[in-house]
Amino acid sequence: MNSTATHSYKDTTIFNLIEQEYKRQLHGIELIASENFVSEQVMRAMGSVLTNKYAEGLPKKRYYGGCEVVDEIEQIAIDRVKELFGAVWANVQPHSGAQANAAVMLAVLKPGDKILGFDLSHGGHLTHGSPVNFSGKLYQPSFYGVEPETGLINWDKVEEIAMREKPKLIICGASAYSRDWDYARLRAIADQVGALLMADISHPSGLIAKKLLNDPLEYCHIITTTTHKTLRGPRGGLIMMRKDFENPFGLKNPKGELRMMSELLDSAVFPGTQGGPLEHVIAAKAVAFGEALEPSFAEYAQQVRKNAQTMAQEFIRRGYKVISGGTDNHLMLIDLRSKNLTGKLAQETLIKADITINKNAVPFDDKSPFVTSGMRLGTPAITTRGLKENDMLQIVEWIDEALQNHDNDTKLNQIREKINLQMQKYPLFAY
Ligand SMILES: *Cc1c(COP(=O)(O)O)cnc(C)c1O
């Protein structure tokens, strides 16, 4: 077999770098709100022989032979995620959150159609109409945002904009909004203007699965999410619906019946926007959904939120401006202008202490996206490591101390050493 020859090459370069990255993750405090640590079994499913398999199509409807096993795996992933969110239909093939959103828009819009999304500079996502993204290039976007005084979305204003713009699709969901969403109100607005309503729950999906936040599936026509944020699965995306329905565009099947929205969405994923599904990642999604169905995941999700709320309160106590005054979910956005700091300086300072956050624009930011006035922090990853409320108080103290000493490398080194010592107590699976 010539595979012996092709596989005899040993790549020490890349595996040394992976080891280096493992140590970085192990020793530091990970506060990037969109990151998490997967379990050993999720990791093993991802690094499996399933990566060798082509399986274009859906379970039992494939374009390739030898799909019996991956059919079973993908069907289990679908069944588990339906149970987890109370959905009647799901497609688990999107390679990422952005791919899930692309498929939905391909299914429900024509180029040039109007969409309405949450402003990127107020915490929205690129795929909700940004001019640098396909969603802003192929479709005509308009945006709603938060109020300058409260940091909250004003639903009356969303209605006003929707009435004026008459979008075909209204998108809710965000990457940096710490409060819950009024899906019932949004659905009423969508019905009033004849729009479909899509919720992109990429960030809080793990908390939504455990009913800690309002249920978007009850009111939104279509739901997309990533699987790697609070849901703690492999990097990927998915699309779901609580109710399937006849497409409102008059598209018919060969029998002359209106095609169901699920068919449109399935074909928008493949062949619309993707080729072969990543069955190794789908297997890892199935494992993660299985984990999320366990009672221990409810404890995890509750702890994520408790940790975020404790952290936000402690920042406020120390004189930081938390946008909207707190959090309902796993993250918070902090305006650093009252501390005379920029997001860029905060990110660069904290990394010297092995604390990873991301700089983030705050609503009505006067600085460029490369500098920004804010930082976004989230608790999904450190909660997976096992940290609790008391640890949050300690972390905020370290962050505050580091930021006050941003020009003192000796001090930052001392903080880093304390953090490295502390984090060694919380094991991280290495593979
Ligand atoms: C993270 C995120 C995405 C994109 O997910 P990727 O997997 O990075 O493509 C989409 N929408 C929202 C709201 C997100 O937060």
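Where does His122 lie in the chain? His122 is placed in the loop that runs between β5 (114-118) and α6 (134-137). The structure is a predicted model, and the legends below take a few close-up views of it.

**View 1. His122 in its loop.**
His122 sits between β5 and α6, in a loop. Its relative accessibility is 8%, so His122 counts as buried, the limit for that word being under 20%. Leaving out residues up to four places away in sequence, His122 touches Gly145, Val146, Ala176, Pro363 and Phe364.

**View 2. The residues around the ligand.**
The ligand has 13 residues around it, and those that come nearest are Gly97, Ala98, Ser175, Asp200 and Lys229. Sorted by class, this shell holds two nonpolar, nine polar and two charged residues. Helix α5 (residues 97-108) gives the largest share of the shell, with three residues.

In the side chain of Asp200, an N or O atom is 2.5 Å from a nitrogen atom of the ligand. For the side chain of Ser202, the distance from an N or O atom to a nitrogen atom of the ligand is 3.5 Å. The side chain of Lys229 has an N or O atom 2.8 Å from an oxygen atom of the ligand. On its own the ligand has 380 Å² of accessible area, and the protein covers 85% of it.

Lys229 belongs to the loop between β9 (222-226) and β10 (237-241). Is Lys229 buried or exposed? Lys229 counts as buried because its relative accessibility is 10%, and buried means under 20%. Apart from neighbours within four places in sequence, Lys229 is in contact with Ser34, Asn36, Ser202 and His203. An unreviewed UniProt entry lists Lys229 for "modified residue: N6-(pyridoxal phosphate)lysine".

**View 3. Thr226 in strand β9.**
Thr226 is part of strand β9. With a relative accessibility of 4%, Thr226 counts as buried. Which residues does Thr226 touch, not counting those up to four places away in sequence? They are Gly97, Ser202, Ser205, Leu231, Gly236 and Gly237. With Ser202 there is also a polar contact, in which the side chain of Thr226 reaches the backbone oxygen of Ser202 at 3.1 Å. Thr226 and His203 are 23 residues apart in sequence, and their C-alpha atoms are 7.5 Å apart in space.

**View 4. Gln140 in strand β6.**
Gln140 is found in strand β6 (residues 140-144). Gln140 has a relative accessible area of 45% and is therefore partly exposed. Its contacts, with neighbours within four places in sequence left aside, are Gly112, Asp113, Lys114 and Ile115. Between Gln140 and Met163 there are 15 Å from C-alpha to C-alpha, and the two are 23 residues apart along the chain.

Most residues other than glycine have a negative phi, and most peptide bonds are trans. Lys60 has a positive phi, near 70°, and is not a glycine. Lys60 lies in the loop between β2 (57-58) and β3 (61-62), and at 74% relative accessibility Lys60 counts as exposed. Lys166, also not a glycine, has a positive phi of about 50°. The loop that holds Lys166 runs between α7 (155-165) and β7 (169-172). Lys166 counts as partly exposed because its relative accessibility is 49%. Which form does the peptide bond from Phe270 to Pro271 take, cis or trans? The bond is cis, and its omega is near 5°. Pro271 is in helix α10 (residues 261-273).

UniProt, in an unreviewed entry, lists residues 10-399 for "domain: Serine hydroxymethyltransferase-like". Over these residues the chain is 42% helix and 14% strand.

Methods. Residues numbered from 1 in each chain as written. Predicted model: local features only at pLDDT ≥ 70, side-chain atom pairs only at ≥ 80, totals over all residues. Heavy atoms only, no water. Near = heavy atom within 4 Å. Polar contact = N/O pair within 3.5 Å; in protein donor to acceptor, adjacent residues only side chain to side chain. Areas by Shrake-Rupley, 256 points an atom, 1.4 Å probe, with all protein chains shown as cover. Helix = DSSP H or I, 4+ residues; strand = E, 2+ residues; numbered from the N terminus. Nonpolar A, V, L, I, M, F, W, Y, C, P; charged D, E, K, R; others polar. UniProt positions renumbered as here; feature names shortened; annotations may be inferred. Buried < 20%, exposed > 50% of the residue type's maximum accessible area, 1.4 Å probe, protein only. Contact = heavy atoms within 4.5 Å.
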